[in-house]
Amino acid sequence: MSKAVRIHKTGGPEVLKWEDINVKNPGIGEVKIHHKAIGLNYIDIYGRTGLHPLPSLPHILGMEATGVVEAIGDGVNDIIIGDRVGYVLSPPGSYSEERIVPEQCLIKLPNEISYEAGAAMLLKGMTAQYLLHQTYKIKTGDNILIHAAAGGVGLIACQWAKHLGANVIGTVGNEEKAALAKSHGCDHAIIYTQESFKQRVDEITEGKGVNVVYDSIGRATFFDSLDCLKPLGLMVTFGNSTGHVDPFSPNILASKGSLFITRPTIFTYIAKRSNLMYMATDLFKMVSSGVVKIEINQTYDLRDAAQAHSDLEDRKTTGSTILRP
């Protein structure tokens, strides 16, 4: 028998249960993976609480992991037993010792990328890739605002955006996180618990505003973020750690300077395998070259996923967090 963390109902961290599961043999085009490291992401909390509905219950959470291929099904062409692989996949299921994954979703890990680094960077790093290169293409001299700058996506995005020539403004919750963000490419770290980020952005940009806001926070920051944008600026709301954004009239966008808004998800960007591989290759290049450093600042045993969830929700974590099967 294999082990996994499952939920039988939505709710707090206490609904996460360490249980026996049966893992089937891989079918046509499928691969069986023995997980080595599992990524923790805020989207896992959305599933646990019911903010993002799951396909069914009971269910195994988790969108990303790395591991070694244990078995392959018929029709698998490019993967062999023993390959080191990773994935970002919906529906969830990575909070497990073993899992069946479609071959088309797998990414082979370069030799220089460890299992731990892969699990800490695939979802977060490819999110940063599409945000900075596809949703809005960062240009030299752009003023940008990144919320949760000391988080998993935030630290990667700050480094990458700085490399692209942006003036990076970030929000964080305390002095320690401010120092961490600054050491990873954030030019101006605003401690939102001590000062108005809207006012500070206005001061930093001398009233011009930013070209783009990257907001994974949601309800608590959305409307003040709109006020940080320059005319024709882009609001990118890609997460809701404080809840869904309240309904609003599109006329607000007109009154604040003909603003644009988008709500992207990584799963749209990686739906085509060609784009998945382009994004992963770009990410691996940035990490292998040293432009982007992956900070794994918390590690938990998979059976302790409830504690990991609690710490993430309580904003006790920085950088990336991984779970060990």
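Predicted model: local features only at pLDDT ≥ 70, side-chain atom pairs only at ≥ 80, totals over all residues.

Reader: Is Leu226 buried or exposed?

Author: Buried, with a relative accessible area of 0%. The cut-offs are under 20% for buried and over 50% for exposed, with partly exposed in between, using a 1.4 Å probe and protein chains only.

Reader: And what is Leu226 in contact with, leaving aside neighbours within four places in sequence?

Author: Met235, Ile252, Leu253, Lys256 and Leu259. Contact means heavy atoms within 4.5 Å.

Reader: OK, cores. How many residues has the largest nonpolar core?

Author: It has 58 residues, and Met126, Ile144 and Tyr214 have the most contacts inside it. Helix α2, residues 115-135, gives the most to this core, with 12 residues. A nonpolar core here is a set of buried Ala, Val, Leu, Ile, Met, Phe, Trp, Tyr and Cys residues joined through side-chain atoms within 4.5 Å. There is also a second, separate core of 31 residues, which includes Leu16, Leu54, Val69 and Leu89.

Reader: What does Ile144 touch, again skipping neighbours within four places?

Author: Its contacts include Ile138, Ala161, Val168, Val212 and Tyr214.

Reader: Switching to sheets. What is the order of the six strands?

Author: The open sheet runs β11-β10-β9-β12-β13-β14, with parallel pairing. Two strands count as paired if DSSP finds at least two bridges between them. β11 (188-191) and β14 (260-262) stand at the edges with a single partner strand each, so one side of each has no neighbour in the sheet.

Reader: What joins β13 to β14?

Author: Three bridges, with β13 covering residues 229-237. Val236 has Thr262 in β14 as its bridge partner.

Reader: Which strands does α2 touch when it packs on that sheet?

Author: β12 (210-215), β13 and β14, and the direction of α2 makes about 145° with that of β13. Helix α5 (residues 197-204) lies across β9 (143-146), β10 (167-172), β11 and β12, at about 155° to β11. Those angles run from 0 to 180 degrees between N-to-C directions, with axes being lines fitted to C-alpha atoms, for helices over the stretch in contact.

Reader: What about the sheet with three strands, what's the order there?

Author: β2-β1-β4, open and antiparallel. Five bridges join β1 to β2, and Ala4 stands opposite Glu19 in β2.

Reader: Last topic, α1. Which residues are buried there?

Author: Asp44, Ile45, Tyr46, Gly47 and Arg48. What covers the buried residues of α1 includes β1 (2-7), β3 (30-40) and α10 (305-313). Just after α1, Gly50 takes a positive phi of about 95°.

Methods:
Residues numbered from 1 in each chain as written. Heavy atoms only, no water. Helix = DSSP H or I, 4+ residues; strand = E, 2+ residues; numbered from the N terminus.
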